[in-house]
Amino acid sequence: MTFESIEQKLLEWNLKPVYGRGLYVKYTGKYGHIELEISKQFNEKKNEIIWNILDSKIKNDIDYIPHSEVILNEFFNYFYELRGDKNLIKIEIQDGSYHPVDSQGKHYKIATMYALVDCFDKKAYQFQENRICKI
């Protein structure tokens with residue numbers, strides 16, 4: 001899954017808030033879950049990532065934030081190269097979860113990509129609510 005798959009929808013986006021969920025889960029010990037909202041940035045002079053997620057939802061020792069931020073920053077760059085406008089956006093991480101054994105930071109890279117794509121194309125992949133790990 002790549003940003004190219006949502007290119008046309010990004011071009012048409014009116015900067016109203018969009019919400020997406022990403023879940024990367026495999027039976028072979030891989031788990032990452034992120035939920036986020038993307039909207040126009042009004043108050044800052046730069047793009048912003050806001051982490052509004054409780055530590056109890058995802059343990060910090062998994063080191064998921066830097067892995068997710070790689071993808072989020074790639075999204076910022078792709079968005080501006082594609083649109084060529086000066087609109088700033090913010091991405092707010094609102095929810096997520098982890099598995100005590102199967103989660104690693106790199107799994108959140110994939111979950112974050114899925115969530116970003118889900119913001120603009122709800123049919124790109126199937127979010128499996130029943131596979132969310134509830135601790």
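A residue counts as buried when its relative accessible area is under 20%, as exposed when that area is over 50%, and as partly exposed in between. In this predicted model, Arg 21 has a relative accessibility of 24% and therefore falls in the partly exposed class. Arg 21 forms a salt bridge with Glu 129, and the closest N and O atoms of the two residues lie 2.6 Å apart. This pair links distant parts of the chain, since Arg 21 belongs to strand S1 (residues 18-26) while Glu 129 lies in the segment after helix H3 (105-120), 108 residues apart. Glu 129 is likewise assigned to the partly exposed class, because its relative accessible area is 41%.

A second salt bridge joins Lys 57 to Asp 95, with 3.3 Å between the closest N and O atoms. Here too, distant parts of the chain are linked: Lys 57 is in the loop between strand S3 (48-51) and helix H2 (64-83), and Asp 95 is in strand S4 (residues 89-97), 38 residues apart. Lys 57 is partly exposed, because its relative accessibility is 36%; Asp 95, at 22%, is also partly exposed. A further salt bridge is formed by Asp 118 and Lys 122, whose closest N and O atoms are 3.3 Å apart. Asp 118 has a relative accessibility of 7% and so counts as buried. In total, four salt bridges are counted.

The largest nonpolar core comprises 41 residues, and the members that touch the most others are Leu 36, Ile 38, Phe 75, Ile 89, Ile 91, Leu 116 and Phe 120. At least two residues of this core are supplied by each of S1, strand S2 (30-40), H2, S4 and H3. The largest share, nine residues, comes from H3. When residues up to four places away in sequence are not counted, the contacts of Ile 91 include Leu 36, Ile 38, Phe 75 and Leu 116, together with Glu 37 and Glu 48.

Helix H2 consists of 20 residues and spans 29 Å from its first C-alpha to its last, close to the expected 28 Å. Its buried residues are Tyr 64, Ser 68, Ile 71, Leu 72, Phe 75, Phe 76, Tyr 78, Phe 79 and Tyr 80. The elements covering these buried residues include helix H1 (7-12), S2, S3, S4 and H3. After H2 comes Gly 84, which has a positive phi, near 65 degrees.

Conventions. Residues numbered from 1 in each chain as written. Predicted model: local features only at pLDDT ≥ 70, side-chain atom pairs only at ≥ 80, totals over all residues. Heavy atoms only, no water. Salt bridge = Lys/Arg side-chain N within 4 Å of Asp/Glu carboxyl O. Helix = DSSP H or I, 4+ residues; strand = E, 2+ residues; numbered from the N terminus. Buried < 20%, exposed > 50% of the residue type's maximum accessible area, 1.4 Å probe, protein only. Core = buried A, V, L, I, M, F, W, Y, C linked by side-chain atoms within 4.5 Å. Contact = heavy atoms within 4.5 Å. Expected span 1.5 Å × (residues − 1).
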